[in-house]
Amino acid sequence: MPQSRNASFWWAIASVLVAMMAIQSGASLAKTLFPIIGPEGTTALRVGFSALILSFVFQPWKKWPAKQDQKALWFYGICLGGMNLMFYLAIERIPLGIAVALEFTGPLAVALLSSKRKLDLLWVVLAMTGIALLLPWQTEATALDPVGIALALGAGACWAGYIIFGQKTGSAVHGGTAVALGMAVAALFLFPIGLASAGSSLFSWTVLPFAFAVALLSSAIPYSLEMVALKRLPAQSFSILMSLEPAIAALAALILLAEQLSLLQWLAIFAVIAASLGSSLTARKTPAPEMVT
């Protein structure tokens with residue numbers, strides 16, 4: 001029935017939007033933990049709790065990958081952990097919305113490098129314009145921290161690796177199981193880093209509930225909602241909606257963290273959004289990658 005399909009379509013759109021709001025609210029909440037346990041400790045707890053939640057849901061030990069697929073799984077988990085760590089290190093230094101926009105260059109690069117169409121040069125120019133507007137050319141106090149910019153771009157590079165190795169892992173292991181295993185690999189190397197940085201504060205009962213909430217908002221809830229959306233939306237529609245994430249991140253940071261952006265910074269964010277949107281609208285129909293950020 002048309003009405004039923006209509007309702008399903010709008011429910012899918014709502015699921016994606018709520019998922020993005022949950023992810024960025026989780027990032028904003030995570031930032032409030034930085035003064036206590038630092039970005040390293042926050043990343044360790046977020047990824048550790050996410051691994052536990054996903055393992056409980058998907059029970060990955062029942063579907064362990066074959067030996068020939070384990071190399072891709074390890075690279076997938078390392079990219080996933082590196083993406084989370086560098087992103088949190090970045091938002092310690094630069095506003096959340098800007099960090100998300102810069103991080104988006106990773107999946108955008110994967111999409112554009114796999115295409116040979118001349119039109120895609122326009123999206124490359126738009127993305128590069130957005131990055132150029134965010135570079136610390138200014139001498140005044142509003143100039144962005146160059147280390148923060150580099151970390152956000154590094155998180156984007158890890159996101160690109162996450163997509164590439166995630167596709168290889170996902171072709172051998174069911175999507176949910178692959179994410180649970182990848183998150184467990186990430187936790188294995190991130191937890192010692194967080195423990196070395198935060199020490200016993202990592203186990204403080206004033207910190208653990210908030211870290212668990214970050215894991216729910218940043219992984220468990222959005223992953224579940226995105227799975228709902230992917231069953232009801234074409235891949236292209238899903239990608240178009242995901243292009244809005246930098247703007248949602250900036251709005252979440254404005255509301256929850258009172259992070260104000262300049263007009264130039266907003267223009268830079270929208271340049272990256274336009275590049276991602278244009279790439280999605282003109283892309284050939286391909287499966288949408290699962291996203292866990």
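Biologist: Which residues does Val 185 touch, not counting residues up to four places away in sequence?

Modeller: This is a predicted model, and in it Val 185 touches Trp 74, Gly 77 and Ile 78 once residues up to four places away in sequence are set aside. Val 185 itself is found in helix α7, which spans residues 175–198.

Biologist: Why is Val 185 called buried?

Modeller: The relative accessible area of Val 185 is 7%, and buried means under 20%, so Val 185 is counted as buried. Val 185 and Val 47 are 138 residues apart in sequence, yet 9.7 Å apart in space from C-alpha to C-alpha.

Biologist: What makes Phe 75 and Phe 165 a stacked pair?

Modeller: A pair of aromatic rings is described by the distance of the centres and the angle of the planes. For Phe 75 and Phe 165 the centres are 5.1 Å apart and the planes are at 20 degrees; rings pair if their centres lie within 6.5 Å and count as stacked with planes under 30 degrees apart, so this pair is called stacked. The pair links distant parts of the chain, with Phe 75 in helix α2 (residues 70–91) and Phe 165 in helix α6 (residues 146–172), 90 residues apart.

Biologist: What links helix α2 and helix α6 through Tyr 76 and Tyr 162?

Modeller: Tyr 76 and Tyr 162 form a stacked aromatic pair, at 5.1 Å centre to centre and 20 degrees between the planes. Tyr 76 lies in helix α2 and Tyr 162 in helix α6, so the pair ties together parts of the chain that are 86 residues apart in sequence. With a relative accessible area of 3%, Tyr 76 is buried, and Tyr 162, at 2%, also counts as buried. The count of aromatic pairs comes to eight, and ring pairs also link Phe 34, Phe 87 and Tyr 88 into a cluster.

Biologist: Which residues make the nonpolar surface patch of about 410 Å²?

Modeller: That patch is made by Trp 74, Phe 75, Ile 78 and Leu 188, and its largest share, three residues, comes from α2. Patches are made of residues with over 30% relative accessible area, and Phe 75, at 36%, therefore passes that cut-off.

Biologist: Which residues have the most contacts inside the largest nonpolar core?

Modeller: The largest nonpolar core has 66 residues, and those with the most contacts inside it are Leu 45, Phe 87, Leu 96, Ile 98, Leu 102 and Tyr 162. A second, separate core of eight residues includes Ile 13, Met 20, Met 242 and Ile 248. Among the residues that Leu 96 touches, leaving out those up to four places away in sequence, are Phe 87, Ile 91, Ala 249 and Ala 253.

Biologist: How many helices and strands does the chain have?

Modeller: The secondary structure comes to 11 helices and zero strands. Buried residues make up 51% of the 293 residues in the chain, and of the contacts between residues at least 6 apart in sequence, 87% join residues at least 24 apart.

How values were computed. Residues numbered from 1 in each chain as written. Predicted model: local features only at pLDDT ≥ 70, side-chain atom pairs only at ≥ 80, totals over all residues. Heavy atoms only, no water. Core = buried A, V, L, I, M, F, W, Y, C linked by side-chain atoms within 4.5 Å. Buried < 20%, exposed > 50% of the residue type's maximum accessible area, 1.4 Å probe, protein only. Contact = heavy atoms within 4.5 Å. Helix = DSSP H or I, 4+ residues; strand = E, 2+ residues; numbered from the N terminus. Phe/Tyr/Trp six-rings, centres within 6.5 Å; stacked < 30°, edge-to-face > 60°. Patch = residues over 30% accessible without salt bridge, like charges linked within 9 Å, V, L, I, M, F, W, Y side chains within 5 Å. Areas by Shrake-Rupley, 256 points an atom, 1.4 Å probe, with all protein chains shown as cover. Salt bridge = Lys/Arg side-chain N within 4 Å of Asp/Glu carboxyl O.
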